[in-house]
Structure formats: C-alpha cells, structure tokens
Amino acid sequence: MTASLPVPGLTSGTGAGFPGVQHAPQRPGHRPLAAVSPAPVLRLVAQQEGLLQIHTAPFRGSFGAVLSQALRTAGLGSRVLVSQFLKGGVDQGLESSLWLCGRLQWLRPGVPACLSERAADQDQESVEAVRQVWAFSREQLLSGAVDLMVLDELGLAVELGYINKADVVATLDRRPAHLDVILTGPAMASELMAMADQVTQLRRGL
C-alpha cells in the first residue's frame, strides 16, 4: 500500500511539470522570476579571409615544411605561386619557371648558384635577377592572381640588400583579403613578424 504524505506549503491540484502538485503562492515581498529570453541564433558567415604566415628557423631549411602544403593546395584547384629569391643553380629565371599540378608556378632567379652574400658584393646581373622575381611576385600579389603565395627567403633577401624592406612591408599590407601568403626563411624583420597572423618557428633538438 502506498501512502501520500502532505507537503507543507503545497496544495493538491495541477501544476506545471508536476501532476497533482501546485506551487505555493508567492510570499509578500518576493518578486517572480523574469522570463528568460531565448538565446540568439548564431550563424556562420561565409567569408574568405587570407592569412599571412611565417615559417622561420635559425637555419636554411624552413621551405620544405610548406612545399607539400603548396602542392596540395594546387592539387585541389587553387592557384599557387612559389617564389624562391636566393635559390639558383638551375638558370631558371622568369621565362623558364616550372609548373606543377597545372596550377603551381615555381619561380627562381636566373643565377648560376645560390646566393648567400650581400647584394653589394654580388654582380649586378644576380641582383637584378632577384629583383625581377620580386617584381613579378609583387604584381601577382597585388592583382590577386593567385590564392596562395609562398615567398621563400624573402626576409633574408631583404636583410642582404637585394629587396627594399619598405616596399615589401607596403606590398604585404595591401594584399587582397582572400590571398594566403607564407614567408619562409632564417631571417625575418621585426616589421614582418608584427604583420603575421601566425608564426611557426622551427628548431633542432633541445
């Protein structure tokens, strides 16, 4: 047999959520709880937003970490430009740039060897070859002709005097909103680091 015990302050009846139970009347001086407004519905807005990323290391070798990303991006149908400013030895230049996956253009200056000395110590042809790569990359960047641009050793080319730093900073500041730019290399000016949305630092074992 089940016995029902009276609950002080409650009377029998029909209450919200508890059949047969009705809440006690409000005491004097007590305010009823205000109705809670429903939370606003959040909706994601589709908007392309490119990032400026930096991959840097105290040694030359950060380029390989992003090449696979560039190839994958091109394979998925995006337009990609990879510019290596100080890598030579293949006598490439603007007229002989490589194309991979049909959408990735790989550009190096037309110099007989990799460049590691300051521009003031190089012959004028080598300096001009590097500046041609920058001029082409700058044009492609400002026009929004590509979706991803990898600028390898751009910071080092600036530090060694091949490319004007103010021009680089101003150009990156004017990049189209959809464009992803990745800078790689061992030297990055503080102005470039300050502009980056993401910085990845590579280092050898501790």
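Visitor: Is Gly 144 buried or exposed?
Guide: This is a predicted model, in which local features need pLDDT of at least 70 and side-chain atom pairs count only at pLDDT 80 or more, while totals for chains, interfaces and linings use all residues. Residues are numbered from 1 along each chain as its sequence is written, and side-chain values use heavy atoms, with hydrogens and water left out. Buried means under 20% relative accessible area, exposed over 50%, and partly exposed in between (1.4 Å probe, protein chains only). The relative accessible area of Gly 144 is 13%, so this residue is buried.

Visitor: How far apart are the C-alpha atoms of Gly 144 and Pro 176?
Guide: Gly 144 sits in the loop between α2 and β7; helices (H or I, at least four residues) and strands (E, at least two) are DSSP runs, numbered from the N terminus. Contact means heavy atoms within 4.5 Å. Leaving out residues up to four places away in sequence, Gly 144 touches Arg 79, Pro 176 and His 178. Gly 144 and Pro 176 are 32 residues apart along the chain, and their C-alpha atoms are separated by 6.0 Å.

Visitor: Which strands stand at the edges of the open sheet, and why is one side of each without a neighbour?
Guide: Two strands pair if DSSP finds at least two bridges between them. The open sheet has 7 strands with mixed pairing, in the order β5-β6-β4-β7-β8-β3-β9. Each edge strand has a single partner, so one side of it is left without a neighbour in the sheet; these strands are β5 (98-100) and β9 (198-201).

Visitor: In which sense do β5 and β6 pair?
Guide: β5 and β6 form a hairpin with 3 residues between them, and Cys 101 in the turn has a positive phi of about 60°. Trp 99 has Gln 105 as its bridge partner in β6, and Leu 98 stands opposite Trp 106. Over 3 bridges, the pairing of β5 with β6 (residues 104-107) is antiparallel.

Visitor: How many bridges join β4 to β6?
Guide: On β6, Leu 104 and Trp 106 on one side and Gln 105 and Leu 107 on the other are all buried. Leu 81 stands opposite Gln 105 in β6. Strand β4 (residues 80-84) and β6 run parallel, and the number of bridges joining them is 4.

Visitor: Which residue's side chain makes a polar contact of 2.5 Å with that of Asp 152?
Guide: Asp 152 lies in strand β7 (residues 148-152) and, with 2% relative accessibility, counts as buried. A polar contact is a pair of N or O atoms within 3.5 Å; within protein, one must be able to donate a hydrogen and the other to accept it, and residues adjacent in sequence count only if both atoms are side-chain atoms. The contact of 2.5 Å is with the side chain of Thr 184.

Visitor: Which element gives the most to the largest nonpolar core?
Guide: A nonpolar core is a set of buried Ala, Val, Leu, Ile, Met, Phe, Trp, Tyr and Cys residues joined through side-chain atoms within 4.5 Å. The largest has 35 residues, and Phe 85, Leu 86, Tyr 162, Ile 163 and Leu 183 have the most contacts inside it. Among the elements that give two or more residues to this core are β3 (52-56), α2 (124-143) and β8 (180-185). With 6 residues, the element that gives the most is α2.
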